[in-house]
Amino acid sequence: MDTLMSGQLLFAALVSGSLYALVALGLNLVYGTLRLLNIAHGDLVMIGAYTAFWMISLFAIPPIISLVLAAALCALLGWAVYAGLFRRMLAKPELAKRVEANSLILFYGISVILQNLAALAFTSTSRGYQYLDTVITWQGISMTGNRLLSLGVATAVCFGALLFLRFHLFGWGLRAVIQRREAAQVVGVNLNRVQLLTICGGFAVAGVAGVLVSMTEQITPFMGFPFTIVAFVVIIIGGLGNIGAGILAGFCLGLVETYGIALTSPGYRSILIYGLFVGVLLVRPEGIFTKAVRS
Amino acid sequence: MKGPTRLAIAALGAVMSLTIASSAVAQDPITIGYSIARTGIYAAAAPSQENPYKLWQKQVNAEGGLELPDGKRRPVEFVSYDDQSNPANTVRIYEKLITQDEVDLLAAPWGTPMHLALAPVLQRFKMPMVGNTAASVQLRNVAPGYIWFPTSAIPDSMGAELAKMMQAEGVETAALLANELPYSQEFRSFLVPALEEAGIQVIVDESYPPDIKDMTSMLVEVREAAPDAVVAMTYPSDAFLFAGQAKELGIEASFVMSLIGPTIDAYRKANGSAVNGVVSSAHWSPEAKEWPKGRKFFDAYVEEFGEEPDALDSALAYMSLEILQQAVAKAGLEPEALREQIASGTFDTINGEVRFDGVQNVVTPTGFVQIQDGKIELVWPESVKTADYAPKQGW
């Protein structure tokens, strides 16, 4: 019982939760505005992780700087995917519907291509590097520097995104596109611009998550898929396209996982996570934190 | 078709067939077929096996090729396919290698399930293959014939040996954390009774799923129980997690084992001096003076790939080809003669002498290694150790 009340578990839950929230944020942005199910999302996390690894191994550039580089690289990839694939398709409403339905398969293809390109370029040998692994103890809570950094960056990016959506004019436009796509266009939102910047932003966030993950996990071309799954679970629990709710759901999942394991046993991890997922789908299919929208 | 064109085509054809014929005489390589998991769930593990293959090929070809009983040498060429981490594909690929590609020799695929699926195929086609990266008690039940396993990291003998080692180091209490994947669970099932027999009390016994992302609650339990030993039956990805979080929580046990992972180069790069003192499963070390070939292999590997070979999989993969090479030098390429030679011969490898009885290597003892100053040292058993075991001093 002492363990349950200790700050140690809370720290672990927040580290996991913030990462889940961050990975899900990128996926949710892209789904919300473009209605694309990006199953290659986890592979962007992988690209972020490799960016951090190569930067520190080849040029001694620390991950804190790689955060920016990985974000830029993934944003560029987002731009390429949008300009090359989706811009024209999404412009026509009848075509856009078909793209939405087929996006899962399309991104599956992109996922396989990214994984295999990474395996060809870097080989599938696992990689790792050492960074900020000093343990800091505060109020009896032991925290490794890199996990603390991960918590800080993930939380900051999530809340930064929330504030941006709440207060910036572009954020309003973005939310308008998520809620009422056609109406947003009528009131003068530049749909093309919103979509382009959102896909860049969504991809960039995944790259940032990849850098954070790389500080503590082994890096391989195939490391991304579990993150895709977690991101989907989180945004479905929170409510598809509901950015704030998705972030909250990420933190909730971290808490449920960590405290659930502490109360039961690690063997129940999957049952806890997917139990919550299925439970939400049964009881509130629109997401726990989403108000039902009548259309 | 006009005359000159026809003539030109005929001339081209003649030149081409001449080139093919002459290259066949000059080259005439020995083909070795294998499949490997280049994609799918085992893909991250496969380079530790395929890299030694490539290194061996390069070395053999630099010497003029693979030596045959008549003293002649022929270059080695690999024919390989991706089995996508699926044993059913492995079976199909080896059937194709034998019947359609008509390769001269076979090298092993990655992993226990692939090896087990392959044994009956080899039997059916009567093609010998020296295995490598497979380890399970199930291997002991494979009918002897056309497959052999050089490994000594088989869970039943590992359980018994680890209990002996822990007893020798004065361990009285132990915490067991086991991944739910088969190899870890198999090892656990042999370790628990062996510990009991050795009088070592198990005070924490937890299993965890392979996709675990946080071990805090489990390790807090271990920290509170304060055992003398922590045996984490890890696979590579959770080995990273275990090391990072055991350090974060300040696990103080003097005997710490992590089953699979610590012998991978990236593990030591990611964890640095924190993992000095961690014990792991392997029966080879480049530090062994009695195995001079081992150091040469290690140096060549580091030069070729810019990282250290995995003391378990890479060593086994290289050994399997050394055995094949020495058997071919004596028996040639004829499958029956080769089978007879592998089954009855004694081989000099980077891991010392190897000899088979049935499917198993009966010379190499089951061993354990320890990371000491970033190096992989064999610390158990006494007969082959390269350094004394040293209790872990913090993280």
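This is a predicted model: local features need pLDDT of at least 70, side-chain atom pairs count only at pLDDT 80 or more; totals for chains, interfaces and linings use all residues.
Good morning. Buried residues make up 53% of the 295 residues in chain A, where buried denotes 20 or more other C-beta atoms within 10 Å of a residue's own, exposed denotes 12 or fewer, partly exposed lies in between, and C-beta atoms are placed from the backbone. Residues are numbered from 1 along each chain as its sequence is written, while chains are lettered from A and ligands numbered from 1 in the order in which they are written.

Let me begin with chain A. Chain A contains twelve helices and two strands; helices (H or I, at least four residues) and strands (E, at least two) are DSSP runs, numbered from the N terminus. Along the sequence, the pattern is α-α-α-α-α-β-β-α-α-α-α-α-α-α. Its radius of gyration is 19 Å, close to the 19 Å that the globule rule gives for 295 residues, so chain A is as compact as a globular protein of that length. That radius is taken over C-alpha atoms, and the rule is 2.2 Å times the number of residues to the power 0.38. The C-alpha atoms of chain A fill a box of roughly 55 × 45 × 35 Å along the principal axes. Of the contacts in chain A with a separation of 6 or more, 77% are accounted for by residues 24 or more positions apart; a contact requires C-beta atoms, placed from the backbone, within 7 Å.

Now to the interface. Here 34 residues of chain A are in contact with 35 residues of chain B. On the chain A side, α2 (7-34), α5 (93-122), β2 (141-144), α11 (243-263) and α12 (269-283) each supply at least two residues. The most comes from α2(A), with four residues. By class, this side of chain A has eleven nonpolar, 19 polar and four charged residues. In this classification Ala, Val, Leu, Ile, Met, Phe, Trp, Tyr, Cys and Pro count as nonpolar, Asp, Glu, Lys and Arg as charged, and the others, Gly among them, as polar.

I turn to chain B. Chain B has twelve helices and 17 strands. The radius of gyration of chain B is 24 Å, close to the 21 Å that the globule rule gives for 395 residues, so chain B is as compact as a globular protein of that length. Its C-alpha atoms fill a box of roughly 90 × 45 × 35 Å, again along the principal axes. Of the 395 residues of chain B, 52% count as buried. Residues 24 or more positions apart account for 68% of the chain B contacts with a separation of 6 or more.

Which strands of chain B pair with β10(B)? One is β8(B), residues 173-179, parallel to β10(B) over five bridges; pairing requires at least two bridges found by DSSP. In this pair, A178(B) has M233(B) of β10(B) as its bridge partner. Another is β11(B), residues 255-258, joined to β10(B) by four bridges and also running parallel. There, A232(B) stands opposite S258(B). Strand β10(B), residues 229-233, is mostly covered, with five of its five residues buried. On one side these are A229(B), V231(B) and M233(B), and on the other V230(B) and A232(B).

A separate open sheet is formed by three strands of chain B in the order β13-β14-β15, with antiparallel pairing. Its edge strands are β13 (346-349) and β15 (360-361), each pairing on one side only. Two bridges link β14(B), residues 352-357, to β15(B), and F356(B) stands opposite N361(B). Helix α11(B), residues 313-331, lies across β13 and β14 of chain B, at about 130° to β13(B); axes are lines fitted to C-alpha atoms, for helices over the stretch in contact, and angles run from 0 to 180 degrees between N-to-C directions.

Next, a helix pair. The axes of α5(B), residues 155-168, and α6(B), residues 182-197, come within 8 Å and cross at roughly 35°. The residues of this contact divide into ten nonpolar, one polar and three charged.

Finally, D28(B) lies in the loop between α1 (3-26) and β1 (30-36) of chain B. Is D28(B) buried or exposed? D28(B) is exposed, with 11 other C-beta atoms within 10 Å. Thank you.

Methods. Two residues are in contact if their C-beta atoms, placed from the backbone, lie within 7 Å.
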